[in-house]
Structure formats: C-alpha cells, structure tokens
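Please read it alongside the coordinates.

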Amino acid sequence: MTARIDIPAFKRVPFDDDVAIIGENLSAATFLMHVRANRGDTGTPLITLGNASPPSQGVSATYNPAYQWQEDGEILTAPASLVRIIIAEATLEALSLGTPYTEPVELFYDLHATTDTKRVQFEGKFPLKPGVTI
Amino acid sequence: MTIAIITESGVRKVAPMVLLAQQAAAAAQIAAQAAAAAAEGRIYASYAAGNAATTAGQYFFVASGGAYDLYVNGTATPVVKLPTLNVSTGILEITKAAGDFAVFGNSADANRGFAVNISGAAGVGLVLLDTTSAGYALGFGTDGDEKMRLLGGSDITLQFRNPTDVNRGGEITVTGSAGTGTFAINTTSSGYGLSFQIDDAEKLAIDTAGRIVVTAGLANYANDAAAAAGGIPLKALYRNGSVVMYRVA
C-alpha cells in the first residue's frame, strides 16, 4: 500500500528533505512529482519535479545497503534508498497564499518512481506555510 | 534531513528523531568506550561485578574482608592478593584478617612501634620472626655488622656479637617457660673469660676455669663495723686478711 506522508514546506525558504524507503534500490529510478491544489486536477501543476542531482531542484535517490534507524528503542540496519526532494526557494515564493494568508495553503502531491514498473512511492498533503521572515 | 522512513510495516515519521537517534547511538557508543576505559583499575565488591564492568585484558581490584585482590578480566583466580593497607596521619599500618601483619607506628596503641604478626588487640610492640626452624634467627646490626642475634627454636637465646673479635660476645639463654636464666660467653679461645666492667675498667672476672677474680681486690677490714665505717655496703664482700667476709651488720 502506498505510504502517506505529508510534506510541509515554508514559502520563504528552499525545501530540501529526504524520505528513506527500506528494502528498495531506487538509485536508478525515474522520478516525477507534481504539486497541485487538489487531487485529481489535470491542468498545469503548481510544481513539477523530475530527476535532478543535488543541489539542483528535483528528485534524486541514493542507495545505502546498511542504512540505520531507530525503532522502539532498537537500532535497526537494512538496505534502503534515500529519496531526496529539493524545491528551490524561488519556486515556493511563486506560489500563492490562501485565504486567510496567515494559514498554510493545503496543496497535494505524489511521487512517481519508475524502475521496471511505475509506482507511486508515497503521497500526501503539501502544506505551504506562509512563514514570517521574508 | 530525513523526514520519514517507509518500511514494510508502514511509515515512521521520525525526523528529527532519526538524526537524534543516530547521534544518541554514537554518543552511547562513545560513552560505553569511556566507561570501559574507566572501569579498569577500579575497586569492585565482587569478582563478578568487576569482570562484568571490564573487558578482556583489563585489571581490577576486589575488596574482600578488608583485603584487596587484583584480578584480570576473564580469570577468576586473583593475580595478586594484598593485605589491608591503612594510612592515617602519616602512619602506615598493614593488617591481615587474623591479626596484624606489620605495623609501623600506631596512633591507636602506644605500645606498638614496629610490629610484625601480633595476635590480639592489646599486643606489645615487638618484632617477631615467623620461622619454623631453630636454625633461623633475627639479626640486628649497625655499619654492616651484626651486633645482636635472637635465635629461633623453643629456647629464648639472645646473642651479642663482637664483629672485631669473634671470640668476644655473650649469650643469654632461657630454657622453656620456667627455665633458669643463663648468661654465657661463647669463646673459641681458652684465654678468654667473662669480664664485668664499669667505664671500661674491669671490676670482676670469671676465667675459663670458673674462678672468680675480683680484679680490684676486696677491701681489708677486721669486722663488719669497720667495713661499714669504711663504706662497704650491707651484703657486700670484704676480706680480713685472706678470709673472705660478708657484711651482715
């Protein structure tokens, strides 16, 4: 089942975070990610991200055969892919705030990853926070 | 920054806890290494506790019955067994569970100066040689020469030795617990007897034939009254001509 991950972003700063996916090697995958105002919209996306190597805007993945994380107080080790999403500050600045502007704009996204098959790796809300410092 | 981890069992929203966990794991590893290093050389209540706290090859002490034993990790037999060591106000006292082993000055007992192997709490300050053979003695000397010797064995024999003349010395021997006190001269030459002196002047001698010689001679008085007037004390010897007299009045 596709994982649900909400990715909050701030309007005034770049977005640069990653998601670890245990057990998969997506280092050679083709990525495509759209950000839209609503699920199901078919027009031009608010944001379009494809494969790009950091620090460029886009999506990239690295494979770690011995990725470690903590779960229930125990340190676990397993192969994992780190999917990194980078959205430039200018891209986020170009998005419009909602009404009232003091509240985050609730947008939506999902990430396609194509290896031998095309799948939605994860999806969810993309809350755009207005921020304070400009 | 990792904001989530997707596993077979679902999504783990762990950021920034993942980073913190990794930091915590590294910190824990560093702390464990530091603890292992600090564990060596410490004193533990039991071998099990010390062995658990240390790693292979590390040494630790175990306090037991007032004594301290040195162990190496992984070996249940102590490497070294030490007696109890107390140091107080500059006085060194080494004790064993069955009595004092060695005491050098004891502020708690004025009768103790240098003592070895004392039994009981009210012992007299003395030096004892713990020996199972009468052939072994305790010697005292100065300037590299032995001057006095306490022999072992069942008799109490104290010898005084003259390093410049092996024919001169003396010996005090007490046989058993109710024996007669004997003062003897041990000489290899018939020419040496026993000389009693005051300020390096011989006053009395016993020659090798057992004859008593009053070196200064006995004073000559006709009777006790005359001897008293002449300064002879009561119970002292004097002569009347060739007759030996004993002043009784």
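1. Of the 32 residues in the largest nonpolar core, Phe122(A) and Phe126(A) touch the most other members. Such a core is a set of buried Ala, Val, Leu, Ile, Met, Phe, Trp, Tyr and Cys residues joined through side-chain atoms within 4.5 Å; buried means under 20% relative accessible area, exposed over 50%, and partly exposed in between (1.4 Å probe, protein chains only). At least two core residues come from each of S3 (15-22), S4 (30-36), S5 (47-50), S6 (58-71), S7 (74-87), S8 (105-114) and S9 (118-129) of chain A, and likewise from S1 (2-7) of chain B. The largest contribution is that of S8(A), with five residues. A second, separate core has seven residues, among them Ile22(A), Trp69(A), Ala78(A) and Ala80(A).

2. The model is predicted: local features need pLDDT of at least 70, side-chain atom pairs count only at pLDDT 80 or more, and totals for chains, interfaces and linings use all residues. Residues are numbered from 1 along each chain as its sequence is written, chains are lettered from A and ligands numbered from 1 in the order in which they are written, and side-chain values use heavy atoms, with hydrogens and water left out.

3. Chain A has one helix and nine strands, in the order β-β-β-β-β-β-β-α-β-β from the N terminus. Helices (H or I, at least four residues) and strands (E, at least two) are DSSP runs, numbered from the N terminus. Of its 134 residues, 38% count as buried. Chain A exposes about 7200 Å², of which carbon and sulfur atoms supply 52%; accessible areas come from the Shrake-Rupley method with a 1.4 Å probe, and for residues only the protein chains shown count as cover.

4. Among contacts in chain A with a separation of 6 or more, 65% are between residues 24 or more positions apart. A contact means heavy atoms within 4.5 Å. Leaving aside residues up to four places away in sequence, Phe122(A) touches residues including Val19(A), Val83(A), Tyr109(A) and, in the other chain, Ile6(B).

5. S3(A) and S7(A) run antiparallel and are joined by eight bridges, with Asp17(A) partnered by Ile85(A) in S7(A). Two strands pair if DSSP finds at least two bridges between them. S6(A) and S7(A) are also antiparallel, with twelve bridges; here Tyr63(A) stands opposite Ser81(A). Their hairpin has two residues between the strands, and Asp72(A) takes a positive phi near 55°.

6. Where does Ser53(A) lie? Ser53(A) is in the loop between S5 and S6 of chain A and counts as exposed, at 54% relative accessibility.

7. Asp6(A) and Arg4(A) form one, with the closest N and O atoms 3.0 Å apart. Glu24(A) and Arg119(A) form another, at 3.3 Å; this pair links the loop between S3 and S4 to strand S9 of chain A, 95 residues apart. Arg39(A) pairs with Glu123(A) at 3.5 Å, linking the loop between S4 and S5 to strand S9 across 84 residues. Arg39(A) is partly exposed, at 48% relative accessible area.

8. In chain B, an open sheet of four strands has the order S3-S4-S5-S6, with mixed pairing. S3 (43-44) and S6 (80-82) are at the edges, each with a single partner strand, so one side of each has no neighbour in the sheet. S5(B) (67-72) and S6(B) run antiparallel over three bridges, and Tyr68(B) stands opposite Leu82(B).

9. A nonpolar surface patch in chain B includes Ile43(B), Tyr59(B), Tyr68(B) and Leu82(B), and its residues together have about 500 Å² of accessible area. Patches are made of residues with over 30% relative accessible area and no salt bridge, like charges being joined within 9 Å and nonpolar side chains (Val, Leu, Ile, Met, Phe, Trp, Tyr) within 5 Å. Tyr59(B) is in strand S4 (59-64) and is partly exposed, at 39%.

10. Gln159(B), in strand S13 (156-161) of chain B, is buried, at 11% relative accessible area.

Definitions and conventions: Salt bridge = Lys/Arg side-chain N within 4 Å of Asp/Glu carboxyl O.
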